[in-house]
Amino acid sequence: MNAQTSQRVAWLVVLALLVVAPFAGIYPVFMMKALCFAIFACAFNLLLGYTGLLSFGHAAFLGSAAYATGWLVRSAGWSPELGILAGTSVAALLGLVVGLVAIRRQGIYFAMITLAMAQMVYFICLQAPFTGGEDGLQGVPRGKLFGVLPLHNDVVMYFFVLAVFVAVFLFVVRIVHSPYGQVLKAIRENEPRAVSLGYDVDRYKLLAFVLSTTLAGLAGSLKTLALGFATLSDVHWSLSGEVVLMTLLGGMGTFAGPVIGAFTIVGLQNFLADRVGSWVTVIIGVTFVVCVLAFRRGIVGELLEWQKRRNRHHRA
Amino acid sequence: MSEIFGIPVQALLGQLLLGLVNGSFYAMLSLGLAVIFGLLGIVNFAHGALYMVGAYIAWLGLEKWGLNYWVALVLAPVVVGALGVVIERTMLKHLYRLDPLYGLLLTFGLALILEGIFRDQFGVSGQSYPVPEQLTGATDLGFMILPNYRGWVVFASLAICLTVWFVIEKTRLGAYLRAGTENPQLVQAFGINVPLMVTLTYAGGAGLAAVAGVLAAPVIQVTPLMGSNLIIIVFAVVVIGGMGSILGSILTGLVLGLIEGLTKVFYPEASNIVVFVIMAIVLMLRPAGLFGKEK
């Protein structure tokens, strides 16, 4: 069995596990939350892992979409599919505006600018009349998808979220393997060379940024429907930090990494929240430090490296 | 003349003073960030947390050990500076050859750890710290009443900022520091202990944050989150000023504090975001910041 086939088999096994999960007694709401953050992390990884841009304000896109969807579905009575579409568009537009400003600087400056712009979004969400201030938007109804599928049923909602997740995942894989994705990787590896080859680097980066924020918005919209609320923690910078950690912990620049990272972090938070209180923050902080100091490739990156080394050994 | 644009002069001057006080904190913190970034190439996300620890040392000193404000003003930077030495020696020094993004991520983790520990120990509710006896009361300047403590904060932080500027720009030690940022190998070859210099720079920056924390303690509530709320504005200040210039970060900090104060008078809803709006505008016009050099 060659590497590609074994990888495909692995993915089918994971998919099968995800399909049977709600019937195996795993709480569907937890699974939905984890899948939404997995979409978020995949979107983020498209930017950090494949384009080399560290955005430190990605919560702004998840959060603004979460609020937009929540408000439209709850107060304006929109259907869930239109709510998701609108929320995702809000994130895309916001991504375009932030991207146009941020793309002008690189590296560490880019990170700080996205962080500051996201903080602006945070204060707008805190003060705007329709966001519910400190309380956020509560009791967002799930409604019926396309007027037919009753999303209020947890299992139906779960399969909807799973379907979107699989679509996003395949989309990201497709993007990365496309000629466009190859240009992004070239920019990540050596930007001056990409410029000298005649690529309009800023336009490529801006498109990657907007794609990433759009998918982050999709994650936020879905999350609002699945959990029934949008709150300030969706736009807070600590969430922007968490998505970096999910990607780093799982392995940036790998397809499976962000998904594994998201499940690990959401699982850890769920598991620890009642047991250790404020120490959750400390544990997440320690994980960050350990990842940066000891295994920068992340879980998946280390596994791939180990496999590569083993293969080389076998051939020799 | 008791009103300007329909705002009472007293209220306007009061807000401007508040803006100047905030601006002094922005200036001290962005200065520390600039110094650390200059020599270590690390964006110190933990800076806000170190500022918070400084304020808590002052509060704990008074509550638990009966140490007064002036002792705290010396003790806090020493303790936090020592913490800085440990952080630099055990963690940061492994990252210098890597992408600067890893430094940002590591210090972000450190900030979470410090914040979590203090939250577990002291809860999220704010603690108030009394103004030291010698600085209570207010002085009538004729056109406004100046609370003595606020005057002291502005004076002390300006003095500290200018001292740091003087040391870095005008002394031999500063020349080594600046040379060290340009070409560490060469400076090392001249027999200067660059790793030691780097460690002390981080400790110094951390100490500077701690001093700001002690100065802030009587003005604001001491909470575990006080640093994370401030650090992002300080990052915006740094982006606006441009990382290159020490004097730039001091000036930008003060001016932005003042602008924020003015916004509070004329359009309070925008006072939280005005700094970020200015940042966006400055970046459109000058991508390297106001005092930064275009690369």
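**Note on the predicted two-chain model**

1. B:Arg89 is partly exposed, at a relative accessible area of 34% (partly exposed lies between buried, under 20% relative accessible area, and exposed, over 50%, with a 1.4 Å probe and protein chains only). Its partner in a salt bridge is B:Glu88, the closest N and O atoms being 3.2 Å apart (a salt bridge is a side-chain nitrogen of Lys or Arg within 4 Å of a carboxyl oxygen of Asp or Glu). B:Glu88 counts as buried, because its relative accessibility is 0%.

2. The model is predicted: local features need pLDDT of at least 70 and side-chain atom pairs count only at pLDDT 80 or more, while totals for chains, interfaces and linings use all residues. Residues are numbered from 1 along each chain as its sequence is written, chains are lettered from A and ligands numbered from 1 in the order in which they are written, and side-chain values use heavy atoms, with hydrogens and water left out.

3. Over all chains, eight salt bridges are found in the whole structure. One of them joins A:Lys205 to A:Glu191, with 3.1 Å between the closest N and O atoms. This pair links distant parts of the chain, 14 residues apart: A:Lys205 belongs to helix α9 (residues 201-227) of chain A and A:Glu191 to helix α8 (residues 191-196) of chain A (helices, H or I, of at least four residues and strands, E, of at least two are DSSP runs, numbered from the N terminus). Both A:Lys205 and A:Glu191 are buried.

4. Elsewhere in chain A, the side chains of A:Glu302 and A:Arg297 meet in a salt bridge of 3.6 Å, N to O. A:Glu302 is partly exposed, at a relative accessible area of 26%, and A:Arg297 is partly exposed as well, at 42%.

5. A:Lys223 is placed in helix α9 of chain A and counts as buried, because its relative accessibility is 2%. Apart from neighbours within four places in sequence, A:Lys223 is in contact with A:Cys36, A:Phe37, A:Gly228, A:Phe229 and A:Asp234 (contact means heavy atoms within 4.5 Å).

6. How much area do chain A and chain B bury between them? The figure is about 3,800 Å², of which 81% is on carbon and sulfur atoms (buried area is the accessible area, with a 1.4 Å probe, that two parts lose on being put together, summed over both). In chain A, the residues that lose the most area to chain B are A:Ile108, A:Met112 and A:Trp237, together 17% of what that side buries. The contact takes 36 residues from chain A and 40 residues from chain B.

7. Between chain A and chain B the count of salt bridges is zero. Three residue pairs, both residues at pLDDT 80 or more, are in polar contact between the chains (a pair of N or O atoms within 3.5 Å; within protein, one must be able to donate a hydrogen and the other to accept it, and residues adjacent in sequence count only if both atoms are side-chain atoms). On the side of chain A that touches chain B, α5 (107-127), α10 (237-250) and α12 (279-293) each supply at least two residues. Of the elements on that side, α5(A) gives the most, with 14 residues.

8. A:Tyr109 is found in helix α5 of chain A. A:Tyr109 is buried, at a relative accessible area of 15%. The C-alpha atoms of A:Tyr109 and A:Ser55 are separated by 9.9 Å, although the residues are 54 apart along the chain.

9. The whole structure holds 29 aromatic pairs over all chains (rings of Phe, Tyr and Trp, its six-membered ring, pair if their centres lie within 6.5 Å; planes under 30 degrees apart count as stacked, over 60 as edge-to-face and the rest as tilted). The rings of A:Phe56 and B:Phe108 have centres 5.2 Å apart and planes at 70 degrees, so the pair is edge-to-face. The pair crosses between chains, from A:Phe56 in the loop between α2 (28-51) and α3 (59-74) of chain A to B:Phe108 in helix α4 (residues 100-122) of chain B. A:Phe56 and B:Phe108 are both buried.

10. B:Phe108 also forms an edge-to-face pair with A:Phe288, at 5.0 Å centre to centre and 70 degrees between the planes. Here too the pair crosses between chains, with A:Phe288 in helix α12 of chain A and B:Phe108 in helix α4 of chain B. Both A:Phe288 and B:Phe108 are buried. One aromatic cluster is formed by A:Phe56, A:Trp237, A:Phe288, B:Phe45, B:Phe108 and B:Phe235.
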